[in-house]
Amino acid sequence: MTVTPAVAFDNSYARLPGTMHVSVSPTPVEAPRLITVNAALAAELRLDPALLTADVGVGNALLEGMTPIAQAYAGHQFGNFVPQLGDGRAILMGEVIDLHGRRRDIQLKGAGPTPFSRRGDGRAALGPVLREYLVSESMHALGIPTTRALMAATTGERVYREQVLPGAVLTRVAASHIRVGTFQFFAVRRDLDSLRLLADHVIARHYPALAGAANPYLALLDSVMQAQASLVARWVQAGFIHGVMNTDNTSVSGETIDYGPCAFMDAYDPATVFSSIDQGGRYAYDNQAPIAQWNLARLAETLLPLIDADRDVAIRIATERIEGFPAIYTQQWLAGFRKKIGLVTEEDGDALLIQQLLDALQMARADFTNSFRQLANGETVSALASWSPLWQDRLTRDPQSAEDRRLLMRSVNPAYIPRNHLVEEMIAAAIQHGDYTPFETMLHILMNPYEEQPGAERYAAAPAPAEQVYRTFCGT
Ligand code: AMP
Ligand code: MG
């Protein structure tokens with residue numbers, strides 16, 4: 001069955017050579033039911049929400065012009081290289097050009113097996129689908145680059161994990177689903193033709209200004225580095241921990257992708273790790289920038305033959321670039337934290353001042369989000385009693401009016417983040433009672449994270465000790 005949308009699909013990735021993807025159809029499911037449709041995003045994509053039915057949401061029906069494919073990619077998972085991963089439970093249905101002229105992928109996550117599924121069932125459970133929907137849309141509302149959620153639907157079928165769980169499909173929207181691991185897939189096969197086509201596709205699609213650069217592939221590396229530095233700094237400023245920063249979960253467009261065991265930190269502790277499978281703390285909060293650099297070094301390796309015909313020269317240039325990452329990141333980190341404490345001027349001592357603030361939060365085990373929000377609202381933060389005079393002194397040399405500073409700080413220090421204990425509670429209500437009210441309520445509040453909402457105090461509060469979540473599980 002196909003449905004005709006007003007908008008034309010333009011599936012540029014499907015037109016690339018067959019080394020890069022395989023055609024695959026979603027596997028129909030028994031009894032699809034819609035959970036929600038993101039009407040605002042549908043409008044941005046020029047898709048009539050009326051066409052976004054449960055059948056379309058699970059892949060039982062296709063919109064005319066869709067050409068479903070599974071994309072090939074490789075990746076380093078927790079440091080170990082896997083030469084073939086690929087879309088094992090996701091199917092790229094097609095691409096549209098949105099209202100702003102940007103190309104966007106529409107992908108079904110959980111729509112059945114593909115040639116890349118290995119031993120997996122190609123399916124997704126309801127919990128991870130709701131988590132990704134809520135957290136990705138919350139990230140977007142916070143202003144952090146991310147894949148989006150267009151719709152969610154249950155399949156009426158069960159999936160078998162440690163428990164038997166209801167199945168669901170998420171419709172994910174991304175600038176593209178091209179990852180560092182996509183480059184690795186061709187590099188390890190020494191398929192230079194596909195590698196070059198991929199790099200050219202990424203440049204045309206995400207970094208069109210580079211097409212005329214003297215060395216476009218080196219410029220590509222620079223641009224992806226910038227995008228990743230900026231992204232990870234935004235995560236750190238929001239207290240977000242991605243949890244699985246594998247190279248296959250690192251988008252070259254600079255969007256946050258693959259919401260598995262991700263979580264927002266409550267009490268500030270830079271060593272925080274949530275993922276149940278991250279035993280060494282590889283993807284701990286404070287390790288995210290070094291890991292981004294490590295992932296970028298893997299990207300740089302794939303680009304070597306394109307950067308210079310002389311491998312030694314290419315290695316020298318690329319190494320120099322990768323070594324520049326900490327400086328680029330620190331600049332982004334500083335710029336963001338300056339705003340969080342209301343500064344518009346720059347002084348050498350600012351990095352130290354910010355570090356002292358973070359140290360004080362850590363000592364007091366204070367809530368990261370609420371401490372900054374209280375500062376923004378001019379409230380006393382007991383954990384910051386001895387830090388506050390240092391800050392006040394610094395503010396005397398910053399020219400903003402108190403009101404402008406308050407507005408700036410309120411615009412970057414959210415009142416609402418998707419608190420883990422509430423995410424878990426929301427998922428339990430849906431799974432155990434088929435009750436989606438908590439999902440809808442939370443989603444509604446999180447769409448305006450920078451405005452206090454009367455009656456929503458519970459969603460801003462830090463968890464009580466007994467409510468605290470220490471472990472999250474991968475969304476497979
Ligand atoms: P992820 O942990 O979601 O980043 O996925 C890592 C790899 O495992 C990717 O190649 C996925 O496509 C694959 N994968 C994860 N879950 C499943 C599943 N249920 N069925 C098939 N493949 C899966
Ligand atoms: Mg992944």
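Modeller: The C-alpha centres of domain 1 and domain 2 lie 23 Å apart. This is a predicted model, where local features need pLDDT of at least 70 and side-chain atom pairs count only at pLDDT 80 or more, while totals for chains, interfaces and linings use all residues. Residues are numbered from 1 along each chain as written, ligands are numbered from 1 in the order written, and side-chain values use heavy atoms, without hydrogens and water.

Colleague: What makes domain 1 and domain 2 the parts of this protein?

Modeller: The protein is divided into domain 1 (2-177) and domain 2 (181-332). Those bounds come from an automatic or database domain assignment.

Colleague: How many residues of domain 1 and domain 2 are in contact?

Modeller: 38 residues of domain 1 touch 41 residues of domain 2. Contact means heavy atoms within 4.5 Å. About 3,200 Å² is buried between the two domains, with carbon and sulfur atoms giving 60%. Buried area is the accessible area (1.4 Å probe) that two parts lose on being put together, summed over both.

Colleague: Why is the pair Asp 258 and Arg 172 called a salt bridge?

Modeller: The term needs a side-chain nitrogen of Lys or Arg within 4 Å of a carboxyl oxygen of Asp or Glu. In Asp 258 and Arg 172 the closest N and O atoms are 3.8 Å apart, so the pair qualifies. Between domain 1 and domain 2 the count is 4 salt bridges.

Colleague: Why is ligand 1 said to lie between domain 1 and domain 2?

Modeller: Both domain 1 and domain 2 give residues to the shell around ligand 1, so the ligand lies between them.

Colleague: Which residues come nearest to ligand 1?

Modeller: Of 18 residues around ligand 1, the nearest include Gly 86, Arg 89 and Asp 121. A residue is near if one of its heavy atoms lies within 4 Å.

Colleague: What makes Arg 89 a polar contact of ligand 1?

Modeller: A polar contact with a ligand is a pair of N or O atoms within 3.5 Å. A polar side-chain atom of Arg 89 lies 2.5 Å from an oxygen atom of ligand 1, so this pair passes.

Terms used: Polar contact = N/O pair within 3.5 Å; in protein donor to acceptor, adjacent residues only side chain to side chain.
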